[in-house]
Amino acid sequence: MSNPLIVDIHTHVYPPAYIDMLRARRKVPYIHDPSDGGPPRLIILSSDDDSNIPLDQRGRPVDSSYSDIQVKLGFMDKHGIDCSVISLANPWLDFIGEEQASEWAQKINNDLESTCAQVNNATALPDKPPRLFAFGTLPLGAPQQVAVAEEVHRISALPHIRGVIMGTTGRGNGLDDPELEPVWGALQDTQLMLFLHPHYGLPDEAFGGPEIVRRYGHVLPLALGFPLETTIAITRMYLSGVFDQFPKLRILLAHSGGTLPFLAGRIESCIAHERTFKVNGGSVPGPQRGIWDVLKTNIYLDAVAYGTAGLKAAVEAGGGSTDRLLFGKILSWCPTLVTFFDADIFQGTDHPFFPPLNEEDDKWTSVTTNYKAISASFGENEDAVAAVLGGNAVRILNLK
Ligand code: URA
Ligand code: ZN
């Protein structure tokens, strides 16, 4: 198949107003400008703000790739990405409470919408999808949960919004919080995709304490903390019966579902052996639907796994074929191929995170590693590769 189409559904941005807000803060999350004129530092993880590390070296360097949409477009060109679904990066608006949360959500969502509209007007090409769509953000800290549901309904009418990105804490009590029911209801009614993304990781103690975390930089929090955080959040949702109450919810799990595809069988087995659930004689209602049914019906996965073993687990969990995995890239513009598959996996890059350490590098290894894993997993089947790299995203998120 020639001229394959490539879509990136996992790609972040901090709009300039958000960057300014981080710059004005002095506690996590914040941006610090070193006095020696070195690159600004992005200090967003709690483990970043370690008083044993000099302030000028905390967190990670942050440059224009985090906020300048022209740099994003340049990155897309360099990696052959035709279309991106951009989303605010972590920690979103989680730290903004009260009335300000709604103001910020509207500002960010309107900004995302107008950025997509402007770019698409300037770059429209025949036979290609528009270049940009977006996942909006929610005012989860708003005093009334109805304000969150209202924002879902408002942005569902914006032409370029295809879903919302959300962290794992919800309104502060996790995603099995009954206070989130109006939000799940609004997402189900609008059929906006919920992109569930980690930020908080695990407590330092889970890794052996702050000294161990500091010794290995971001490896433990990002490689292990993030995927386990996602797994715990979605499992709590499942255990609490959210998918029984809202059977049409659509959730895209970051990083190929964390470790959910690998652990789903174990979760199922532990439930079957747990006396606390009504079905086993206890008092807790417990989930009515099976975890594999939820995985096949409600859950979408990206292909940001960086290896074939993880990717194959994701495909297997999604029903054993490739259209339940979304990458962010498609190898060819071939809308009919999607009828060949019944699972949905999408490609993503996680740009602008994981830039090459060597600035002279042309393509980003974090991107090419995922392309290679997709190719190694489905290389024989061009249609499957094309579906994961973009066809699934175009179809499921209606990127037209
Ligand atoms: N690190 C982050 O903080 N966020 C991401 O999305 C990826 C890496
Ligand atoms: Zn990400």
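## Largest cavity

His-12, Arg-60, Asn-90, His-197, Leu-222, Phe-226, Asp-350, Phe-353 and Phe-354 line the largest cavity. A cavity is a set of points, on a 1 Å grid over the protein atoms alone, where a 1.4 Å probe fits but cannot get out, and lining residues have an atom within 4 Å of a point. The space inside the largest cavity amounts to about 80 Å³, a volume being the space filled by probe spheres set on grid points that are joined across faces, edges and corners. In total, the structure holds three cavities of 30 Å³ or more.

The model is predicted, with local features needing pLDDT of at least 70 and side-chain atom pairs counting only at pLDDT 80 or more, whereas totals for chains, interfaces and linings use all residues. Residues are numbered from 1 along each chain as its sequence is written, chains are lettered from A and ligands numbered from 1 in the order in which they are written, and side-chain values use heavy atoms, leaving out hydrogens and water.

Helices (H or I, at least four residues) and strands (E, at least two) are DSSP runs, numbered from the N terminus.

Both of these histidines are buried: His-12 has 0% relative accessibility, and His-197 has 1%. Here buried means under 20% relative accessible area, exposed over 50%, and partly exposed in between (1.4 Å probe, protein chains only). His-12, His-197 and Asp-350 are also among the residues lining the largest cavity.

## Largest pocket

The largest pocket has a volume of about 760 Å³. A pocket is an open set of points with protein on both sides within 12 Å along at least five of seven lines. Its lining comprises 27 residues, and Pro-61, Asp-63, Pro-352, Pro-355 and Pro-356 lie nearest the centre. Strand E4 (60-61) and H2 each contribute at least two residues to this lining, and H2 gives the largest share, three residues.

## Salt bridges

The structure holds 10 salt bridges, each being a side-chain nitrogen of Lys or Arg within 4 Å of a carboxyl oxygen of Asp or Glu. In one of them, the side chains of Asp-77 and Arg-131 meet at 3.0 Å, N to O. This pair links distant parts of the chain, 54 residues apart: Asp-77 is in helix H2 (residues 69-78), and Arg-131 is in the loop between helix H3 (98-123) and strand E6 (132-136). Asp-77 is exposed, at 52% relative accessible area, whereas Arg-131 is buried, at 14% relative accessibility.

A salt bridge also joins the side chains of Asp-82 and Lys-128 (3.0 Å, N to O). Asp-82 is in the loop between H2 and strand E5 (83-88) and Lys-128 in the loop between H3 and E6, so the pair ties together parts that are 46 residues apart in sequence. Asp-82 is buried, with a relative accessible area of 14%, while Lys-128 is partly exposed, at 35% relative accessibility. Asp-176 and Arg-236 form another salt bridge through their side chains (2.8 Å, N to O). Asp-176, in the loop between strand E7 (161-166) and helix H5 (181-190), is 60 residues from Arg-236 in helix H7, and the pair links distant parts of the chain. Asp-176 is partly exposed, at 27% relative accessibility, and Arg-236 is partly exposed, at 34%.

Leu-224, Leu-228 and Ile-232 make up a nonpolar surface patch with about 230 Å² of accessible area together. Patches are made of residues with over 30% relative accessible area and no salt bridge, with like charges joined within 9 Å and nonpolar side chains (Val, Leu, Ile, Met, Phe, Trp, Tyr) within 5 Å. Accessible areas come from the Shrake-Rupley method with a 1.4 Å probe, and for residues only the protein chains shown count as cover. Ile-232 is in helix H7 (residues 219-239) and is partly exposed, at 43% relative accessibility.

Gly-225 also lies in helix H7, but this residue is buried, with a relative accessible area of 0%. Its C-alpha atom is separated by 15 Å from that of Leu-253, 28 residues apart along the chain.

## Strand E6

Phe-135 is placed in strand E6 and is buried, with a relative accessible area of 0%. A separation of 9.4 Å lies between the C-alpha atoms of Phe-135 and Glu-113, which are 22 residues apart along the chain.
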